[in-house]
Amino acid sequence: MIFFVCATASPFTKLPQIYQYDDFSLCRRRYTEFVYCVATAKLLPDETKRLWNVISLVTSNRRNFPRDKLERGLCLNDYHVGVIDDRRVESIVSAHLAGQIYTKYGLHISTEIDSCWKNTSMVQKTTFGEMVFVCISLFLIILTIYATWKEPAAATRGVLIESFAFQQNWHRFTKASGPDSLPFLEGLRAIGMLTILVVHSQLPMIRMPVKNP
């Protein structure tokens, strides 16, 4: 019985890992002109290989991860000496992955580069959205300071001053509620909304595998 289980499970233990990445931080520290690429390797069918038949069987079940698509992250500087030209990136990735997969599993692949990073692409740039956010934030801060400073001396309080004056808003927050009001319902609504947000934000993490399949 033990022999049967081991013999049945042995092909599955040889399945290639779906995700495998070189250390990005180490690649960036080690090489000044680093090039790091993430590529997808599509296994080509070969029914003469037992491993491919097992992969095809596992992939046919929609509850399993597709085992015929492998994702690899490569620090190209580890596999190529010298300056890496953009025109040679695809050939370097394809040659390395094809040799690696065939040597280890005896299967041919077709590769597709998803994205690449270089030292020039890691430079922080201020986007238009960030500039708009900073401008709006500064405007609201200045408006709050102005309304708070202007309120005591204002003969007639306008909507702008009443909306942004710190004293007015603090008074509304600390004002005792009337006997017929039900402020605790607002608290329950806030707790319910917070619960919904937390649960939905954690659902992707719950559904992800706990280890590399």
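Mentor: Start with Trp-117, which counts as partly exposed because its relative accessibility is 30%. Buried means under 20% relative accessible area, exposed means over 50%, and partly exposed is in between, with a 1.4 Å probe and protein chains only. This is a predicted model: local features need pLDDT of at least 70, side-chain atom pairs count only at pLDDT 80 or more, and totals for chains, interfaces and linings use all residues. Residues are numbered from 1 along each chain as its sequence is written, and side-chain values use heavy atoms, with hydrogens and water left out.

Trainee: How is an aromatic pair described, and which residue pairs with Trp-117?

Mentor: A pair of aromatic rings is described by the distance of the centres and the angle of the planes. Rings of Phe, Tyr and Trp (its six-membered ring) pair if their centres lie within 6.5 Å; planes under 30 degrees apart count as stacked, over 60 as edge-to-face and the rest as tilted. By this rule there are five aromatic pairs. Tyr-36 and Trp-117 form a tilted one, with 6.4 Å from centre to centre and 50° between the planes. Tyr-36 lies in strand β2 and Trp-117 in strand β4 (residues 109-118), so the pair ties together parts 81 residues apart in sequence. Helices (H or I, at least four residues) and strands (E, at least two) are DSSP runs, numbered from the N terminus.

Trainee: Is Tyr-36 buried or exposed?

Mentor: Tyr-36 is buried, at 4% relative accessibility. Phe-24 and Tyr-36 have ring centres 5.1 Å apart and planes at 85°, so that pair is edge-to-face. Phe-24, Phe-34, Tyr-36 and Trp-117 form one aromatic cluster.

Trainee: What about charged side chains?

Mentor: Side chains of opposite charge can pair when their charged atoms come close. A salt bridge is a side-chain nitrogen of Lys or Arg within 4 Å of a carboxyl oxygen of Asp or Glu. The whole structure has six salt bridges. One of them joins Asp-86 and Lys-118, at 3.1 Å from N to O. Asp-86 is in the loop between β3 and α4, and Lys-118 is in strand β4, 32 residues apart. Asp-86 is exposed, at 52% relative accessible area, whereas Lys-118 is partly exposed, at 27%.

Trainee: Which residue forms a salt bridge with Glu-186?

Mentor: Arg-189 does, with the closest N and O atoms 2.5 Å apart. Both residues lie in helix α8 (residues 184-207), three residues apart, about one turn of the helix.

Trainee: Which residues have the most contacts inside the largest nonpolar core?

Mentor: A nonpolar core is a set of buried Ala, Val, Leu, Ile, Met, Phe, Trp, Tyr and Cys residues joined through side-chain atoms within 4.5 Å. The largest has 23 residues, and Leu-43, Ile-55, Leu-76, Val-89 and Val-93 have the most contacts inside it. Two or more residues come from each of β2 (35-43), α3 (50-60), β3 (69-75) and α4 (89-105). The element giving the most to this core is α4, with six residues. Apart from it lies another core, of five residues, including Cys-27, Tyr-36, Val-38 and Cys-75.

Trainee: How many helices and strands does the protein have?

Mentor: There are eight helices and four strands. Along the sequence their pattern is α-β-α-β-α-β-α-β-α-α-α-α. Of the 213 residues, 22% are buried.
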